[in-house]
2 protein chains.
Amino acid sequence: MDPMVRIDLALEAALACTDVPGAPPRLCAAVRHAVFPGGARVRPKLCLAVALACGDAEPELADATAVAIELLHCASLVHDDLPCFDDAQTRRGLPSVHTAYGERLAVLAGDALIVLAFQTLGCVRTKAPHRLSRLFALIGNGVGMPMGIVAGQAWECEPRVTLRDYQRAKTGALFAAATMAGAEAAGGVASDWAALGEWLGEAYQAADDIRDVAADPSLIGKPIGRDMALGRPSIASELGLSGAVTHFNQLVERAVDAVPACHGAQRLRAIVRAESERLVPAAWCRELLRVAA
Amino acid sequence: MDPMVRIDLALEAALACTDVPGAPPRLCAAVRHAVFPGGARVRPKLCLAVALACGDAEPELADATAVAIELLHCASLVHDDLPCFDDAQTRRGLPSVHTAYGERLAVLAGDALIVLAFQTLGCVRTKAPHRLSRLFALIGNGVGMPMGIVAGQAWECEPRVTLRDYQRAKTGALFAAATMAGAEAAGGVASDWAALGEWLGEAYQAADDIRDVAADPSLIGKPIGRDMALGRPSIASELGLSGAVTHFNQLVERAVDAVPACHGAQRLRAIVRAESERLVPAAWCRELLRVAA
């Protein structure tokens, strides 16, 4: 099955458990608005790709893991868009959740999505319950304190932060959780997959910084120039645009090299390269470097 | 060990895992502010009391369960106090989290507390990993959608809601999770303990409504008259003050009767009565009924 179809079916199943008679209808609608239509589903696709590379021994557990990671990502976007943070009016080309449903339901939808991520994992049937608690820990570390995405966002409230600490927590942690948890869910060794997630997280953040400066807003479905306007640390402002592009390409190579030996290694390396091409097309890189030269 | 000491030690241990070098210091401080000094710790005390009544076979698991429930409760208070909801300046007699640390860190502290609840459970060592996934499901249902406390708060954003649906989700669900998860953690049968939690949740909400109308704000550490000012459904406004007091007393009796047969049943019934006396002292009930007559 196409991974995007597999992910959306699993997300639909998770949301179906919440939208039942007796549930507050506007919260259900706000939660759905936060999850569908999706973006590129980068993190759950990565999670499933790793699970497949490791043999996908328990597809139901891998699906629940991918869903948990995507729901946590969606929650972070909803809260990140709130008036007290980015005050973003749009997301994925549509009104952001607080724009469509109000600030209160946006706070609650984010909360509900965080809980739903763990509910989804808690409800899955597995032959290996000991793996489940490791999944909770891996995913919890990717999203919570001291160094998950919530901590990453909190660095925006500190007077000083290094670019690396900020981006590692805000983006890298959930990428690392996606690769490690994907492996764990499929019976692999989670720690072997940390480096791949970390390099990909850094590459993705670099791409995001490049696109924030250089892209057409209609291509990425959200306002651009926000990082700079909000005075956030950014690779593009630290290294310049051409420096950031060179850095991005190096990070992609490191990610490719970090794929551990396994049955599906070759296929996974091809996926990593295709994803990097989607984020910052090679032709675009050449153009940016030519203009900067 | 005194249950309050046991709970605070377990909460300290959970928070210690988050406040490490590399974590954003202001988020750590905001999270601590949300948890210490605590209120009455009603839900984790109830959870531990049930675990003890069931034999407390796995104290570490019972502690983690009680901690998870209290952290989720603290998270709900932090988000409930936000400007877009109650806009409460104080909580437990101190500045609310957003008053002390700003709105952004209050949103993030709530998120971090939700995640920490599940991280704490995910990290516990247990002889019975199959029990862990049931605990995740029980606690997730108490706090998430479709009928947990997040859904309860979301009913405040709907044009119509019945008092019962609202209060069951906003308060009852986490009380029921506390009794059921306390039993599950100690090897008991969770479903036998649902009714106790549900009646206690209703009694607690009735007491809260009574205190919101009748109490001295210095006694409860937060502003009073908020439910009425915010037009929220309330037992006191539906039944009148004396009706609410009579209703409260009936609910406490139902809770006492709902304690299942077990080794510690008698002790647990005494705890329920003592707790109800703490919430709405019998002398105070008589006075309220006399004034209303």
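**Entry on a helix pair in chain B**

I began with helix H10 (residues 194-214) of chain B and helix H13 (residues 235-257) of chain B, and found that they pack at an angle of about 145 degrees, with their axes 8 Å apart. I then looked up the handedness, and H10(B) passes H13(B) in a left-handed crossing. On the side of H10(B), the residues that make the contact include Leu196(B), Trp199(B), Leu200(B), Ala203(B) and Ile210(B), while H13(B) brings, among others, Leu241(B), Val245(B), Phe248(B), Leu251(B) and Val252(B). Sorting the residues of this contact by class, I noted 18 nonpolar, one polar and four charged.

**Entry on confidence**

Before going further I noted that this is a predicted model, and I looked up how it scores as a whole, which is ipTM 0.93 and pTM 0.93. For chain A the mean pLDDT is 91, and 94% of its residues reach 70 or more.

**Entry on a helix pair in chain A**

Next I turned to helix H13 (residues 235-257) of chain A and helix H14 (residues 265-279) of chain A, which pack at an angle of about 165 degrees, with their axes 9 Å apart. Because of that angle, H13(A) is roughly antiparallel to H14(A). The crossing in which H13(A) passes H14(A) is right-handed. From H13(A), I listed Val252(A), Ala255(A) and Val256(A), and these meet Arg269(A), Val272(A), Arg273(A) and Ser276(A) in H14(A). By class, this contact of H13(A) with H14(A) has four nonpolar, one polar and two charged residues.

**Entry on how the chains meet**

How many residues of chain A are in contact with chain B? I found 49 residues of chain A in contact with 47 residues of chain B. On the side of chain A that touches chain B, the elements that give two or more residues are helix H2 (25-35), helix H6 (103-123), helix H7 (129-143) and helix H8 (149-154) of chain A. H6(A) gives the most to this side, with 16 residues. When I divided this side of chain A by class, I counted 31 nonpolar, twelve polar and six charged residues.

**Entry on symmetry**

I then asked how the copies are related, and a rotation of 180 degrees with 0.0 Å of shift along its axis superposes chain A on chain B, with an RMSD of 0.0 Å. The two copies are therefore related as by a two-fold rotation axis. Of the residues of chain A, Pro129(A) comes closest to the rotation axis, with its C-alpha at 2.9 Å. The same surface serves both copies, since 96% of the contact residues of chain A recur in chain B.

**Entry on backbone details**

Last, I checked the backbone, and in chain B a cis peptide bond joins Phe36(B) and Pro37(B), with omega about -10 degrees. I placed Pro37(B) in the loop between helix H2 (25-35) and helix H3 (42-53) of chain B. The peptide bond from Met145(B) to Pro146(B) is also cis, with omega near 5 degrees, and Pro146(B) lies in the loop between helix H7 (129-143) and helix H8 (149-154) of chain B. I located Asp87(A) in the loop between helix H4 (59-80) and strand S1 (90-91) of chain A.

Technical notes. Residues numbered from 1 in each chain as written. Chains lettered and ligands numbered in written order. Predicted model: local features only at pLDDT ≥ 70, side-chain atom pairs only at ≥ 80, totals over all residues. Contact = placed C-beta atoms within 7 Å. Helix = DSSP H or I, 4+ residues; strand = E, 2+ residues; numbered from the N terminus. Nonpolar A, V, L, I, M, F, W, Y, C, P; charged D, E, K, R; others polar. pLDDT = per-residue confidence, 0-100. Least-squares fit on C-alpha atoms with pLDDT ≥ 70 in both. Axes fitted to C-alpha atoms, helices over the stretch in contact; angles between N-to-C directions. Parallel < 35°, antiparallel > 145°, perpendicular 65-115°, else oblique. Left-handed = near helix turned anticlockwise from the far one by under 90°.
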